[in-house]
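Please read the points below against the sequence and the coordinates.

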Amino acid sequence: MQKILNFREYFLNPKGIKIVPTSNFKRATPVEALFDQSVVLHRAEKQLEKNVVAFKLQPYKYSLNKPEIKQYFTRLYGLNVDKVNTINYMGAIKRSPKGGRYREKDFKKVYLHLNEEIEPFFQKIEK
């Protein structure tokens, strides 16, 4: 009698290749992947605390996690990062002039809590 395959086995792995994990530990992020990120300073509309700076990163699966973000800013800019908060945002759905719809890019917003105070120029948009 023929074995019945479920959806995942048949469509996502048609040749039946088994992945054998060699270790239970996560692999370390290579340095090239760590510094290959687009980090943009985001000056918020609302007033932030004196030691908080906001940045925008690439979305979800391409982005860095909190320990990697802390390591990134410590290594590259020499900042003393105390705490990292992150928020994932989905891009807004907009209407195009031609009648169709499109979605803006997703992004991750990062709030860095530093040990020292920051100039107000880097925090809030002045009107």
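1. K109 is found in strand β6, strands being DSSP runs of E of at least two residues and helices runs of H or I of at least four residues, both numbered from the N terminus. At 11% relative accessibility K109 counts as buried, where buried means under 20% relative accessible area, exposed over 50% and partly exposed in between, with a 1.4 Å probe and protein chains only. Leaving out residues up to four places away in sequence, K109 touches H42, F55, N85, T86, I87 and Y89, contact meaning heavy atoms within 4.5 Å.

2. This is a predicted model, in which local features need pLDDT of at least 70 and side-chain atom pairs count only at pLDDT 80 or more, while totals for chains, interfaces and linings use all residues. Residues are numbered from 1 along each chain as its sequence is written, and side-chain values use heavy atoms, with hydrogens and water left out.

3. H113 also lies in β6, which spans residues 107-114, and H113 is buried, with a relative accessible area of 14%. Apart from neighbours within four places in sequence, H113 is in contact with N51, V52, N80, V81, D82, K83 and N85; of these residues, K83 stands opposite H113 in β6.

4. Why is β6 described as largely enclosed by the rest of the structure? The description holds because 7 of the 8 residues of β6 are buried. On the pairing side (two strands pair if DSSP finds at least two bridges between them), β6 runs antiparallel to β2, with 6 bridges joining them, and V53 has L112 as its bridge partner in β6. β3 and β6 likewise pair in the antiparallel sense, over 8 bridges.

5. The largest nonpolar core has 13 residues, of which I69, F73, V110 and L112 touch the most other members; such a core is a set of buried Ala, Val, Leu, Ile, Met, Phe, Trp, Tyr and Cys residues joined through side-chain atoms within 4.5 Å. At least two residues of this core come from each of β2 (52-57), α3 (66-77), β3 (81-89) and β6. A second, separate core of 5 residues includes A44, V52, A54 and Y111.

6. For the chain as a whole, 3 helices and 6 strands are assigned, in the sequence order α-α-β-β-α-β-β-β-β. Of its 127 residues, 22% count as buried. Among contacts between residues at least 6 apart in sequence, 62% join residues at least 24 apart.
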